[in-house]
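User: I have a structure open and some terms to sort out. Can you take me through them?

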Amino acid sequence: MKRIVLILLVCLAVAPKQGALACTSFAVYGDNGPIYGMNFDYPAGDYVLRYGQAEGCHEILTVSSSWDGNAMIHTPMMNAEGLFTTVQELRPRQPYKAVPAQGQESIANLAMWTPYVFGSVQGVRELLAETEISNAYGSFHSLYADASGDGMVLEVLDGERVTTGIEGRFIVMTNFPNGYLAATPLADLMFIAGGGADRYTLACDYISQHAESFTAQAGMTALALAMNENPYYPTQYSLVFDQGKGVIYLAIQGDYEHIWEIDMAAHTVMAYKGFKEPIMLDIGQEGIALKELAFRGQ
């Protein structure tokens with residue numbers, strides 16, 4: 001099997017003054033087709049919307065995040081076939097290695113190269129059947145979803161790989177282990193420091209009420225409800241992918257009054273909602289910094 005080797009430099013050196021309450025993602029399968037979403041919550045840094053390409057592989061769209069030039073993570077990642085992945089912090093922290101052992105694959109790296117190769121969650125499941133997964137670079141878990149309605153959260157908990165599949169029309173991931181949901185009441189998860197159960201509850205309550213007729217606009221509303229209020233880990237961007245239309249909607253730093261629309265096939269980003277005048281930009285090889293979009297939206 002052809003693999004993409006990504007050099008992942010995940011450096012969480014920006015130490016928060018309190019527990020990290022970071023990131024929310026979901027996949028919803030209503031009558032309007034798959035809708036995926038993510039809030040990325042982290043300290044200020046360099047966030048760039050960009051495409052990734054490799055010969056013989058799927059083209060992907062992602063947001064690359066770096067801090068002080070020495071750390072980078074790419075999430076969410078999505079391709080035109082409909083595979084969507086996110087990487088988020090897992091709390092309480094699971095033991096992890098600085099780098100994966102030989103023959104192992106890390107939770108974070110897996111989510112960042114599989115969209116180049118696979119168009120479905122089933123393809124990732126088949127890979128997992130022959131791959132040893134570990135916690136490396138940090139304590140992370142990942143969400144996978146595809147156009148068929150298949151979705152899962154992948155984790156390594158207490159040294160064991162755990163996959164939690166989608167039930168009903170949607171799946172949500174924040175920071176506590178989804179693998180604990182089967183055995184732990186959500187009310188008890190509220191007391192897990194940094195677990196994000198509050199954001200999980202807000203997102204699930206809203207999505208469950210609107211799942212049947214869920215739209216991209218509803219997805220952005222769900223992300224606005226789950227916006228992180230922690231000043232050390234504010235929401236840097238909110239992204240909703242309408243997979244059937246091949247369109248992504250983007251809000252920057254909690255500004256849900258100004259929404260950008262990204263045409264995945266055309267490689268363009270345009271002013272969609274709340275702007276005084278039309279704006280259309282090409283997303284070139286170097287991508288577009290979210291700081292530039294935020295400036296243009298003023």
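Analyst: Start with one term: contact means heavy atoms within 4.5 Å. This is a predicted model.

User: Which residues is Leu-290 in contact with, leaving aside its neighbours within four places in sequence?

Analyst: Tyr-47, Leu-49, Val-63, Tyr-237, Leu-250 and Ile-252.

User: What makes strand β13 (residues 235–242) largely enclosed by the rest of the structure?

Analyst: Buried means under 20% relative accessible area. Eight of the eight residues of β13 pass that test, so the strand is largely enclosed.

User: How do you know that β13 pairs with strand β2 (residues 33–41)?

Analyst: Pairing needs at least two bridges. β2 and β13 have seven, in the antiparallel sense. Phe-40 stands opposite Tyr-237 in β13.

User: What joins β13 to strand β14 (residues 247–252)?

Analyst: Six bridges, and the two strands run antiparallel. Leu-239 faces Leu-250 of β14 as its opposite residue. The two strands form a hairpin with four residues between them. In the turn, Gly-246 has a positive phi of about 65°.

User: How do you know that the span of helix α4 (residues 197–210) agrees with its 14 residues?

Analyst: The expected span is 1.5 Å times one less than the number of residues. For α4 that gives 20 Å, and its end C-alpha atoms are 20 Å apart, so the two agree. Among the buried residues of α4 are Ala-197, Tyr-200 and Cys-204.

Terms used
Residues numbered from 1 in each chain as written. Predicted model: local features only at pLDDT ≥ 70, side-chain atom pairs only at ≥ 80, totals over all residues. Heavy atoms only, no water. Buried < 20%, exposed > 50% of the residue type's maximum accessible area, 1.4 Å probe, protein only.
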